[in-house]
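Keep the viewer at hand as you read.

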Amino acid sequence: GALGLIAPPDGAATHLVLQVSGRTAVPVISLCADSSVSQTGVRWMARIVPRTIEEAKALFAGIHASHWIAVIPNGRAGREVARDLKEAATNSGCAFEKMIEVNLPFTNTTKLTKQILTKRPDVVLLWLDPATAGAVAKALRIAGYDGTLAGSGRLRSTDFAAAAGDANEGFLVPGPVLATETATVFQHFTDAFRKRFGHEPDATAVASYDATALLIHILRQTGDRPAHESFPLDFSFTGASGILSFDSQGNRKVNLQLFKAHGGQFIPAATGVNQ
């Protein structure tokens with residue numbers, strides 16, 4: 001009886017949802033950044049978050065550095081991330097010295113920090129879940145790493161900040177540019193979220209809100225018609241994370257900028273961070 005589905009940031013789970021959607025024609029709004037999500041052939045899908053490739057390109061463009069290392073999860077999730085990061089690096093004229101896979105749940109910080117410090121990277125990209133990324137960032141700072149730490153927009157979260165501790169300060173992530181017309185929607189959502197849960201919403205909460213609002217809008221617009229007939233989406237919708245518009249494959253069209261953690265908040269970073 002479901003009229004629509006929202007798929008999580010996890011790539012494996014999202015592909016399972018898309019298999020169901022492909023057989024039932026139930027629309028999917030995805031929170032997964034893997035490029036492969038929009039390559040499944042399911043036409044009634046929209047991705048609410050930027051792709052990993054786009055986020056990585058924003059980091060390559062905004063951080064002036066030569067030596068990069070990426071820390072990624074093991075297994076299928078890591079292969080998806082590695083492929084997208086390598087494509088972004090190639091398109092940006094950059095290259096990774098090393099990609100290090102970590103087993104989840106992650107525990108061996110000593111071995112990992114030694115691997116990273118031996119390479120002396122200018123930048124370490126952490127493309128992990130927020131809690132794990134925070135633990136790695138903290139371990140690196142304790143081990144004496146003083147280079148740039150950066151990661152996906154998903155790390156704008158309380159879980160990351162709690163795990164990272166002092167290592168959160170100065171951390172760089174990409175995020176959508178908020179236009180003037182969307183700032184009011186974002187503020188209303190933030191105020192309501194803070195009142196209900198007692199803390200600021202993270203990037204996944206904002207994306208989840210937008211996914212739900214977009215899906216409701218689609219279902220209301222289609223009325224008695226099958227909702228999948230609305231795809232590909234050819235309209236713009238004002239969300240808490242910015243203007244939502246999509247290409248023919250369901251990928252969100254979005255302009256990104258870098259945000260830097262400072263004093264417990266992520267604020268717009270200066271253009272062109274030199275290392």
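**Pockets and cores**

Helix 8 gives the largest share of the lining of the largest pocket, 4 residues. Helices (H or I, at least four residues) and strands (E, at least two) are DSSP runs numbered from the N terminus. This is a predicted model, in which local features need pLDDT of at least 70 and side-chain atom pairs count only at pLDDT 80 or more, while totals for chains, interfaces and linings use all residues. Residues are numbered from 1 along each chain as its sequence is written, and side-chain values use heavy atoms, with hydrogens and water left out.

A pocket here is an open set of points on a 1 Å grid over the protein atoms alone, where a 1.4 Å probe fits and protein lies on both sides within 12 Å along at least five of seven lines; lining residues have an atom within 4 Å of a point. The largest pocket holds about 1,400 Å³ of space, a volume being the space filled by probe spheres set on points joined across faces, edges and corners. Among its 50 lining residues, Gly 153, Arg 154, Arg 156, Ala 203 and Thr 204 are the closest to its centre. Elements giving two or more residues to this lining include helix 3 (75–91), helix 7 (180–197) and strand 12 (256–262).

The second largest pocket has about 170 Å³. Strand 6 (96–102) and helix 4 (109–119) each bring at least two residues to its lining, which includes Ile 100, Phe 106 and Gln 115.

Now for the packed parts. In soluble globular proteins, nonpolar side chains tend to be buried together. A nonpolar core is a set of buried Ala, Val, Leu, Ile, Met, Phe, Trp, Tyr and Cys residues joined through side-chain atoms within 4.5 Å; buried means under 20% relative accessible area, exposed over 50% and partly exposed in between (1.4 Å probe, protein chains only). In the largest core, of 26 residues, Ile 29, Ile 48, Leu 214, Leu 233 and Phe 246 touch the most other members. Helix 8 (203–222) is one of the elements supplying at least two residues of this core, and gives the most, 6 residues. Apart from this core lies another, of 25 residues, among them Ile 69 and Tyr 145.

What about the cysteines? Cys 32 counts as buried because its relative accessibility is 1%, whereas Cys 94, at 23%, counts as partly exposed. The whole structure has 0 disulfides (pairs of cysteine sulfur atoms within 2.5 Å).
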